[in-house]
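Open your viewer and get ready to click through a few side chains. We will go one selection at a time.

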Amino acid sequence: MDMKFVVDYTIKHTDKTSSLYNLLIDRKVKFNSLQDAIKFVKTIDDKYNDQIKLVGKPSIERAA
């Protein structure tokens, strides 16, 4: 059986000129392996610039 994993995380827009300023947005990304999900979590901060910040800690769960 092929296992899938989902990383759930929340971002916040910090660019005051954006219409999304201070808006919290939940994101989900699916991965085929736990190793890929862990790699993504470790590099998630590098994915965004200064105008978008990660809020809280990402979680990894098994997808149904």
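Which residues form one aromatic cluster? Select Tyr9, Phe31, Phe40 and Tyr48: together they make up that cluster. Before zooming in, note that this is a predicted model, where local features need pLDDT of at least 70, side-chain atom pairs count only at pLDDT 80 or more, and totals for chains, interfaces and linings use all residues. Residues are numbered from 1 along each chain as its sequence is written, and side-chain values use heavy atoms, leaving out hydrogens and water.

**Stop one: the aromatic pairs**

Rings of Phe, Tyr and Trp (its six-membered ring) pair if their centres lie within 6.5 Å; planes under 30 degrees apart are stacked, over 60 edge-to-face, and the rest tilted. By this rule there are three aromatic pairs. Show Tyr9 and Tyr48: their ring centres are 6.4 Å apart and their planes stand at 50 degrees, so this pair is tilted. Tyr9 sits in strand β1 and Tyr48 in the loop between α1 (34–47) and β3 (52–62), 39 residues apart. Helices (H or I, at least four residues) and strands (E, at least two) are DSSP runs, numbered from the N terminus.

Now show Phe31 and Phe40, with centres 5.3 Å apart and planes at 45 degrees, so they are tilted too.

**Stop two: how covered are they?**

Buried means under 20% relative accessible area, exposed over 50%, and partly exposed in between (1.4 Å probe, protein chains only). Tyr9 is buried at 5%, Phe31 at 14%, Phe40 at 15% and Tyr48 at 17%.

**Stop three: Val6**

Finally, select Val6 in strand β1 (residues 5–13). Val6 is buried, at 8%.
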